[in-house]
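Here are a few exercises to work through with the model open. Try each one before you read its solution.

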Amino acid sequence: MIANRDEGETLSQAIAGDEGSRKAIYHAYHGSASRLAYLMLRDAMDAEEVVQDAFVYAFRNLDRYDPKRGSFWTWLRVILVSRCRNKRRRKRLPRVSLEVLSGIGQAPADTEPSNDPAGALERWDRRREVYDALEEVSPGARDALILRYYEGMAYAEIAEVLGCSNDAARSRVTHGKSQLRHLLTGREEELVEERGIACTSEVG
């Protein structure tokens, strides 16, 4: 990201057509944009295509950006999410594991202390379970959950990005959490049942 005190100057130069400033903006936000696009699309090629399209649109319309309404990233994120949702509507998305996300350096960071290998492994397994279950959550609720918990956005920001009211954004997150809870509980019960069958077979 570009520091707030430098962003205004860089954007002013970019609006004036300075290619160096545009490259600086691109490199500053490309990583965050790619991560969010991948989380929403589950496909590296589609994510990169959408990211490039979002930047092209943003640079062509820099004169429409209003710094009083938020940072450049806030504005770019609205453009990016809109294009991700359009892309997703046009195709059936593949299932992608958290290992793939991690493999390209886009996995959500583990913010817990790293001096507990066993605990870290348990957290990783849990994150993988949540990520896999997230694919089965309804699209609107899934988008809200990604923006809330992977991007750390406030409900007002989610509402702006998804084009809905604050109450609707909050409702989508709540609904998504309810779906996730149901999915994860069901998987835990299936796992217990499978282990029980395995143990019975071993005893027999």
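**Exercise 1.** Work out whether Val56 is buried, partly exposed or exposed.

Solution. Val56 has a relative accessible area of 37%. Buried means under 20%, exposed over 50%, and partly exposed in between, using a 1.4 Å probe and protein chains only. So Val56 is partly exposed. Its place is in helix H3, residues 44-60 (helices are DSSP runs of H or I with at least four residues, numbered from the N terminus).

A word on ground rules: this is a predicted model, where local features need pLDDT of at least 70, side-chain atom pairs count only at pLDDT 80 or more, and totals for chains, interfaces and linings use all residues. Residues are numbered from 1 along each chain as its sequence is written, and side-chain values use heavy atoms, with hydrogens and water left out.

**Exercise 2.** Find how far Val56 lies from Tyr26 in sequence and in space.

Solution. Along the sequence they are 30 residues apart. From C-alpha to C-alpha, the gap is 10.0 Å.

**Exercise 3.** Check the length of H7 against what its 12 residues should span.

Solution. Take 1.5 Å times one less than the number of residues. For H7 that should give 16 Å. The end C-alpha atoms are 15 Å apart, which agrees.

**Exercise 4.** List the residues through which H4 and H7 meet, then sort them by class.

Solution. Contact means heavy atoms within 4.5 Å. H4 brings Val81, Arg85 and Arg88, and H7 brings Pro139, Arg142, Asp143 and Leu147. By class, that makes three nonpolar, no polar and four charged residues.

Key
Helix = DSSP H or I, 4+ residues; strand = E, 2+ residues; numbered from the N terminus. Nonpolar A, V, L, I, M, F, W, Y, C, P; charged D, E, K, R; others polar.
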